[in-house]
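Here is a walk through some helices and a handful of individual residues. Take a look at the sequence and the 3D view, then read on.

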Amino acid sequence: MDKIVQISDIHFCIRDKSHDSRKNLSLVLNKINKLYDEYILVLSGDMVMKADKAHYIELYKYIRNFTQNEIYVIPGNHDDIALMRELAKQADFFKIQDTLEIGNNDIVFLDSSEKGEYLGGGKIDLSHFEVIKSKLRENSNKIVFIHHPPFKIGAEWFKKICLDNGDLFMKSLLKINNLKYLSYGHCHNYFIEERENTVFLSCPSSWIQFDHSCHHEMKYDQKREIGFNVFHLSDDIYHDTVTVSDH
């Protein structure tokens, strides 16, 4: 397997027919399948609008209509990680684990769903992160997936709901050898920057994007397209961010 496809902030809704999460997710999944046959799918948080069993099971069934490839998930602030772990004990559900080895690549899945100071914010268990780091191979390439941005980014209101302990996390993170990418969700938009040879990349929402030019309140940007990220695994990892028209 040489491709990882990341979808984020699906906000899947079962009953509300005016909610476009299902329609837009189908557009994204169809686009992925037109481009690629085999891939690993990563859902990076805020999977459902209501974190109950019915929504998670229905989302799983919905995605399985499009692909039988492996699917790994991490929680966002809208998710219930305890319920997700319970559902993951059965065969027909998404996979939840800390790391995955693919050739010379170590893939890391981090849980930032612990509540932050502000509603929607998150924290990471730094002691558990150190345990995960100890399992990584020294010379492997690394990609880290997390829901919350590890540093303040975007609109002023949004900066309050990034990772609360992001400064400490970044200090620990940047000690990892060959960390090629950290890819996050939550921001419902497109951001990219490079720090210390690591690319920090957002994954746009498959549902709808935020207008980060509006600094004092949350607004949606109806003109900005939905999309997803693709990571091509090789000795020199690279990515594509693919946009999808929802019109």
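## The inward side of α4

Let's start with helix α4, where Phe 129, Ile 132 and Lys 133 are the buried residues. Around the axis they span an arc of only 100°, so they sit on the same side of α4. What lies over these buried residues? The cover includes strand β4 (99-102), strand β5 (105-109) and helix α6. Keep in mind as you look around that this is a predicted model.

## How α4 meets α6

Now for the pair itself. Helix α4 covers residues 126-134 and helix α6 covers residues 166-173; they pack at an angle of about 15°, and their axes are 11 Å apart. Angles under 35 degrees count as roughly parallel, which means α4 is roughly parallel to α6. The crossing of the two is right-handed.

Which residues make the contact? On the α4 side they are Leu 126, Phe 129, Glu 130 and Lys 133, and on the α6 side Leu 168, Phe 169, Ser 172 and Leu 173. Sorted by class, this contact of α4 with α6 has five nonpolar residues, two charged ones and one polar one. Phe 129 and Lys 133 turn up here again, having already been listed among the buried residues of α4.

## The two faces of α6

Helix α6 has its own buried set: Gly 166, Phe 169, Met 170, Ser 172 and Leu 173. These cover an arc of only 165° around the axis, so they fall on the same side of α6.

What do the buried residues of α6 pack against? Their partners are helix α4 plus the strands β8 (141-146), β9 (179-184), β10 (192-195) and β11.

## Thr 198 in β11

Strand β11 runs over residues 198-202, and Thr 198 is found in it. Is Thr 198 buried or exposed? Its relative accessibility is 2%, so Thr 198 counts as buried. If you skip the neighbours within four places in sequence, Thr 198 is in contact with Leu 174, Leu 179, Lys 180, Tyr 181, Leu 182 and Glu 193.

Cys 162 is found in the loop between α5 (156-159) and α6. This cysteine is buried, with a relative accessible area of 0%. Setting aside neighbours within four places in sequence, Cys 162 is in contact with Gly 121, Gly 122, His 148, Pro 149, Phe 151, Lys 152 and Ile 153. Take Lys 152 from that list: Cys 162 and Lys 152 are ten residues apart along the chain, and their C-alpha atoms are separated by 6.0 Å.

## Another helix pair: α1 and α2

Over to a second pair. Helices α1 and α2 pack at an angle of about 35°, with 11 Å between their axes. The way α1 passes α2 is a right-handed crossing. From α1, the contact uses Arg 22, Lys 23, Leu 25, Ser 26 and Leu 29; from α2, it uses Leu 59, Tyr 62 and Ile 63. Those residues divide into five nonpolar, one polar and two charged.

Zoom in on Ser 26, which is found in helix α1. Ser 26 is buried, with a relative accessible area of 14%. What does Ser 26 touch, not counting residues up to four places away in sequence? The answer is Tyr 62 and Phe 66. Ser 26 and Phe 66 are 40 residues apart along the chain, while their C-alpha atoms are separated by 8.1 Å.

## His 55 in α2

Helix α2 (residues 53-64) also holds His 55. His 55 is buried, and its relative accessible area is 4%. Not counting residues up to four places away in sequence, His 55 touches Phe 12, Cys 13, Ile 14, Arg 15, Val 48 and Lys 50.

Last stop: Ser 8, which lies in the loop between β1 (3-7) and α1 (21-35). With 0% relative accessibility, Ser 8 counts as buried. Which residues does Ser 8 touch, not counting residues up to four places away in sequence? They are Ser 44, Gly 45, His 147, Gly 185, His 186, Cys 203, Pro 204, Ser 205 and Ser 206. For a sense of scale, Ser 8 and Glu 193 are 185 residues apart in sequence, and C-alpha to C-alpha they are 19 Å apart in space.

Note on methods. Residues numbered from 1 in each chain as written. Predicted model: local features only at pLDDT ≥ 70, side-chain atom pairs only at ≥ 80, totals over all residues. Heavy atoms only, no water. Axes fitted to C-alpha atoms, helices over the stretch in contact; angles between N-to-C directions. Helix = DSSP H or I, 4+ residues; strand = E, 2+ residues; numbered from the N terminus. Parallel < 35°, antiparallel > 145°, perpendicular 65-115°, else oblique. Left-handed = near helix turned anticlockwise from the far one by under 90°. Contact = heavy atoms within 4.5 Å. Nonpolar A, V, L, I, M, F, W, Y, C, P; charged D, E, K, R; others polar. Buried < 20%, exposed > 50% of the residue type's maximum accessible area, 1.4 Å probe, protein only. Arc of directions from axis to C-beta.
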